[in-house]
Structure formats: C-alpha cells, structure tokens
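Please read them with the coordinates open.

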Amino acid sequence: MKKLMTGNEAIARGAYEAGVLYASAYPGTPSTEILENIALYKECIVAEWAPNEKVAMEAVIGASIAGARSIASMKHVGLNVAADPVFTFSYTGVGGGSVIVTADEPGQHSSQNEQDSRNYAKAAKIPMLEPTDAQESKDMTKIAFMVSEEYDTPVFIRMTTRVCHSKGIVSCDGREDRAIIPYIKNAKKYVTVPTHARKLREKVATREKKLLDFSNATDLNFIEWGNKEIGVISSGVCYSYAKEIFGDKVSYLKLGFTYPLPTEKISEFCSNVEKIYVIEENDPYIEEKVKELGFRCYGKNTFPEYGEMLPEVIRQSVFGELLPTVLYEEKEVVPRPPTLCAGCPHRGVFYELGKRKNIFISGDIGCYTLGFAEPYNAMDQNVCMGSAMGVGHGAQKVFDMVNDNKMKVVSVLGDSTFFHTGLNGLIDVFYNKSNTVNIILDNRITGMTGHQENPSSGYTLQGEKTFEIDIENVVKALGFKQVVVIDPNNLESVKKALDWALSLDEPSVIITRWPCVLKKLSPEDKNEFGELFSAKCFVDSEKCIGCKKCLKTGCPAISFDKKNKKSVIDSVPCVGCEVCKQVCPVHAIGKVE
Amino acid sequence: MTKSILLVGVGGQGTILASKLLTNGLMEAGYDVKMSEIHGMSQRGGSVSSHVRYGKKVDSPVIEIGGADILVSFEKMEALRYLNYLKTDGRVVVNDYEILSMPILSGKADYPGNADEILKSKAQTTILDAIGEAEKLGNQKVMNVILLGAIIKAMGLEEIDWVAILRENLNQKLVDINIEALQTGMNLV
C-alpha cells in the first residue's frame, strides 16, 4: 500500500511496523505529530504525553529495560532537557530496542535557537540516522530498531523541520509482532554505580568500533558516481536540495548513518573527486571529519554558517546567482506576524501588564510569548521551557541589591510549561525567598503546539479521563500563602490581583483560569465555564470617539477605519470576550445577544 | 519535467486541505509527489505556504525562488509576498480577498492599495472572487476547493478523477457541494 505521508507520519508508521509497544513525548514543533500519529495505532501501542522530554525519555528507558521496543520523540531543545538520562542510557544499552527521535530546526521556524543534534550523538556515543524524506523516515526507523538491538544501544534519528513536515509517497508494510523480551534482573548492566559504569564505558568503546565498521559497510551511506570533477557530500534534506541544483551529472556521497561517520567511505569518495562540496544544515559536522581525514573541501567557507541550505541558497553559494524571477518591491508588503487570537485568555493579562512601570516581566515558551510584541510590549526575557520563574528569581535578587530598588519581577508561564519544568523554578522562589509575582496562565490545554492534553487538563493523549492535577493545590502545597485564582477576561480582577501581588513583601502566585479560545471543550470545561461566549461585540459608531484605546488590546478582530476615524469589530473572528468593551472610555462597544 | 505549485495564504484559510486533495490526486495519477508546509506559530494568523511538486521523480520538497510554475494565493497581499518564487513566465491565480495583518489593523501600516495592478504588471494574473462564488454555492468554506479547481484547470490536470479524490477525502455530506465548487473554480480561469 502506498500513501502520501509527512516525515513525522512516516516515523510513526515505521514505529508501528517495527512492533513498538511503548511511545512517549512532550509536544514541540516540528516533532509533535510523531507521537500524535503513533497514538492512532492505539490497539497495539501505548502512547503517552509526558510532562517533559526528560520524563518521556525515562519512561522509554523503563519500557526498554522491561523488554519492549520503545520510542521517544522531541524537538532539538527537548533533547537538552532529556540529555541527562540519554547519556547514561548509552552506557546501559537496551532491553527491547529503543529509538530517540530529535527534530532540529535549521532556520528557526518555531524555535529559540538552532542546534545540531549530531553533536549529541558524538558526545553521548549513540549511533545516529538522518533521513532525507518520508520513505527514508519510515525505513530508517525500522533499521534503527535493528541496530539498537544488535549493538545494545539506543539509536538517534535526526529529523529537521522540512523532513518532519514534507510529504512524499511511502510504501507501507505490515506490523512485525515482537514479543516482550522476558525481564531478567541484571544489576551490572542497569545499576550504574561507578564499578559497573566503568565496565560499561569499556563496552561503549568496543561498541563504537563495531558501529564504525557498520557505518562503512551499510547502504545507508552510499556513493552515486557521476563525473568526478565535482563530488557532493550531504545528509538529510540537503541531499534532495543538492540534487535539485547539481542534477545527476556530479558524484554524490549521501550519508544516512551519520554517527559514527563512515571514514573509509568518505576517504574513498574524496580520493576520487576533484572538487568537494559538503552541504549540511547547522554545524560543519561532516566537514570537520572530511578535513580531519586530510581532504580539502568547500563547506562553511562557501555556504552560510546557519539557516536552511535551501535550493536557492546552494545555487547562490555555488554559482553566485539566483534563478531569474519576478521582481517586486518588498517594502510594499506589510508583515503578518502571529498574534494572540480573538478571545485569547492571555490578552487581559498582557494588556494590564503592559501598562505597568518598574516591572521586569520574565516570560516563557508558549503562545503567551507573543505578549512581548506590540501593542503590549509586556515581556523582558524568555529563554527556554519552564524558565520564567527561575530567571525571574535571579533577576529579583540582583534588583534588590540596588539601593531604593523599585524593580519588581513578574514571572509568567502557561499550565503545561509549569508542569514541564516551571515547577522547579517556583520551588527556588519559595526556598530562596525572592519577592516575585508568579503568574500561571492556565488555559486548560497545551496551546501553541496544537492542543495536547497535559497533567492539569484531566485527559490523556488517548482522550481517556484521568487524574487532574490542580495547580492551586500544588502551589499551596509548596507553601505559598499568597495565591489567587482569577478570570483573565475580567480586567478589573486582573488589575486588582496585580496591585495586590505587587504590594506584598513575600512571593505570590496568580493563577488565571480560562480555556484557550480554540480548545474543544470537555464536559468538565462546559460545566465550569458554561458555553463560553455566544454573543459578538460591536462598535456603536455614534458613540465611538476614535481614541483607539480598544486597539491597545491587540485583538485581530478590531481595526481602525481611517476614513471615518472609528474602530470597527469584525463579527467573524470576534467571540465576544469583552476585553475591548472594558477598555472603551465612552462605552461605545456593545454586545449583540 | 517537475512542476511546482505554490499555495499561499493566511493560517486558517484552508490551504492545507486544498494541497492535500491536490497531492492525493497527483499521486493517484501516477506522479511522484512531494509537498512541504511550514506550521508552528503560523496558525496564529500568520502567513502560510504549501509547496507542491510533481513529476516523474521529484527531489526537493521545497520550491526554489524563481521556480514556481504557478502561485495560487488565497489572500491578495500574500500573493505579493511570495511573488519572487514565480518563474518569469509563471502564472498567478489570486483570490480577491484581503485579510488585514496586525500592523494594518492597528493603523501603523496600510494594506497595499494597488495589489491588483502590481500583480498584473508582473505576471499573467487571474483575480477571482472565490469567497463570493462559495457564498453563491451556499458555504463560504468551499472557497479552497474553488481555488483548487482553478489550479487544476491552470495546470492542465483535468484528466485526473478529482470527483473520486473528493469522495475519498471529504465528509460524504460535503462531497456534492465541493464537486460544484471544483467545477466553478475550473470555469473561472
């Protein structure tokens, strides 16, 4: 059977065909759909959202030790979170085969940095495969499980955004049923006290030599001979871009197994071609090996050091020009930045925060990061998942060292981010006594990645009802005395809560509780919040004085009619949250029932 | 010879469904097909694009700047934004529909007033009122299938059994109106 699939769907299909029994992940673009698609095989695979990537990794290690084929998937920065167990999992090796998928983001479409996961393979001494398209994503997933079991090691698959989200035709096969390997206690393998771990280190060194032989022998690394004047070495999606530009005339060394790199194959290729181009995304990982082996090549001295190596980038770098195209004045086109949706429950909070002076707003990763932008300008920093409260704590400690300090920290993160790693930061705030205001924007779902359940949503990935962790109780159990829960669409209560919290001499927590406007409501949501908004807001143009205050809410449903100098609300996107209505000084905004 | 179709628009306009139907049809017709989309924060009202490429064997899933045979824009300003992807003899099909972005909504910038003229002066351009036509059919949402019909006609892909593709991929209740929408789109170019 042939199907059009994205790389992410193909990884899921590969996991299914390989007989995987357990899968865990934390959502993150561009990797999210891997687990979502594995979850579709619910009759035979247990698939779960973990609170963060480290826990997902740990659960996958447990499943492997207990004898099942298991898979973890994450975005590149998620691998930083999971790195601790990953490095030692390399030493223990596996029970059932185990695969770790990491999705890099050259060009940073939805990420705070660019990092090359191939460095993790080298650092953790874990073999790595790099698919080019959807078919390879499926095939390599199955091969990765074989390598994992044969060499007693977890195996990385490095995806990139374009491989994750590009579709190609994939031939599908049936599922290989694999029985659970019966568990036998083996402390020397799995208890990593130094006496054992030193032996395991030796095992890893031996394994590396065998894997190098495999890398030189496997068809995953292959040569296509064309003319020998030009030789292109490439991996991942870059191979398909290079083929687009150089066609079939030149020679290619295509690397699908990139840790350890096949030194003999690289030497054979490089010895037979005159001019060598190394085309890869992110770091000069292959290039450094080529140079180490004593060959001169054109790599980062020819191609950009960062960003995607798209076909036009290769063409420009090699031939110094682009294809002829239609030219136009780019300045005529207005940017279209992402915005908080009409009816987004974060709007009220950032509207009120943006008006305050002498506060340092410590942000985090989620839709609410958009609070940094116009018209709110309500964020001073964000660095990584779960960081708001920890960074806020450190900043407050230093602000307090200044005489007559007026700066107060307000840290802001979402419900899923709080459970990801935000909780630890809040513990630091309490334990080390910083007087910060900590806001948890509880919108009842993991929003930005497309609505995944999380520990406080009350449901599992498979939509089963489960225990719901109550954020207010968690915070109070940590010891916080100053805790309020508010409706973020009510500006008066947001304002009051901020006034109150900023006046305190001890840390406080404000929990805003209102569902994401795009969320499919659960019966519990309907019970708690009613049917939400059913009416739309409108501007009474007789009353409107054109003061543009409503535009300061940054709602995409509101625009300003320059001709008539009045605000207008588009009834299609408007959900009637009434934030604009509360802001209007002349009560010109009404509601149609 | 590989052909490249670039579909652009604003998050939520249905470009993804249109490109899904298109690629399924191309696969059924025996072509090799690759398609690439950028997700992520774009679903919050940002600019979106789907690259569709088909032929005997397709390498890159991404269209090169200057490599698109046709640019199909679900929104007018987005057609301008992606114009440099078009081949010099490429064709533009654009929905006569404007969605104002945040800098325009807040009065900091103006929507390009002469988008139609710019497009027409740069390439062979067809401007069509897909929303109006969709409303005539009774459902604004079939706008994307009207635009799909336009692509099919413009690329000479009428031979493919699109009705079967619609039946396979859509809710059965919506098949009939979408068949009409497809035909409408084909008649508009």
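1. A convention first. A crossing of two helices is right-handed if the near helix is turned clockwise from the far one by less than a right angle, and left-handed if anticlockwise. By that rule, H7(B) and H8(B) cross in the right-handed sense. Bear in mind throughout that this is a predicted model.

2. Now the geometry of that pair. Helix H7 of chain B covers residues 162-169, and helix H8 of chain B covers residues 172-187. Their axes lie 9 Å apart, and the packing angle is about 150°. H7(B) is therefore roughly antiparallel to H8(B), since angles over 145 degrees count as such.

3. Which residues make this contact? H7(B) contributes Trp162(B), Val163(B), Leu166(B) and Arg167(B). From H8(B) come Gln172(B), Val175(B), Asn178(B), Ile179(B) and Leu182(B). By type, the contact of H7(B) with H8(B) has 6 nonpolar residues, 2 polar and 1 charged.

4. Helix H1 (residues 15-28) and helix H6 (residues 143-154) of chain B have axes that come within 9 Å. They cross at roughly 40°, which means that H1(B) is oblique to H6(B). The H1(B)–H6(B) crossing is right-handed.

5. The residues at this second crossing deserve a look. On the H1(B) side are Leu17(B), Ala18(B), Leu21(B) and Leu22(B). They meet Asn144(B), Val145(B), Leu148(B) and Ile151(B) of H6(B). The contact of H1(B) with H6(B) counts 7 nonpolar residues, 1 polar and no charged.

6. Chain B as a whole contains 8 helices and 6 strands. Their order along the sequence is β-α-β-β-β-α-β-α-α-β-α-α-α-α. The C-alpha trace spans about 50 × 40 × 30 Å along the principal axes of chain B. Does the radius of gyration of chain B, at 16 Å, agree or disagree with a compact globule? It agrees, because a compact globule of 189 residues would have a value near 16 Å.

7. Turn to chain A. One open sheet has 5 strands in the order S14-S15-S16-S18-S17, with parallel pairing. Its edge strands are S14 (359-362) and S17 (482-486) of chain A, and each pairs on one side only. From one strand to the next, the twist averages 20°.

8. Within this sheet, S17(A) and strand S18 (residues 508-513) of chain A run parallel and are joined by 5 bridges. Val483(A) has Val509(A) in S18(A) as its bridge partner.

9. Two helices pack on this sheet. Helix H14 (residues 347-354) of chain A touches S14, S15 (408-414), S16 (437-442) and S18 of chain A. The direction of H14 makes about 155° with that of S16(A). Helix H18 (residues 491-503) of chain A touches S14, S15, S16, S17 and S18 of chain A. The direction of H18 makes about 170° with that of S17(A).

10. Chain A also has an open sheet of 4 strands, ordered S9-S11-S10-S13, and its pairing is mixed. S9 (221-224) and S13 (275-279) of chain A are the edge strands, each pairing on one side only. The twist here averages 15° from one strand to the next.

11. How many bridges join S10(A) to S13(A)? There are 5, and S10 (residues 227-235) runs parallel to S13(A). Ile233(A) has its bridge partner, Val278(A), in S13(A).

Notes
Residues numbered from 1 in each chain as written. Chains lettered and ligands numbered in written order. Predicted model: local features only at pLDDT ≥ 70, side-chain atom pairs only at ≥ 80, totals over all residues. Heavy atoms only, no water. Pairing = 2+ DSSP bridges. Axes fitted to C-alpha atoms, helices over the stretch in contact; angles between N-to-C directions. Parallel < 35°, antiparallel > 145°, perpendicular 65-115°, else oblique. Contact = heavy atoms within 4.5 Å. Nonpolar A, V, L, I, M, F, W, Y, C, P; charged D, E, K, R; others polar. Rg over C-alpha atoms; globule rule 2.2 N^0.38 Å.
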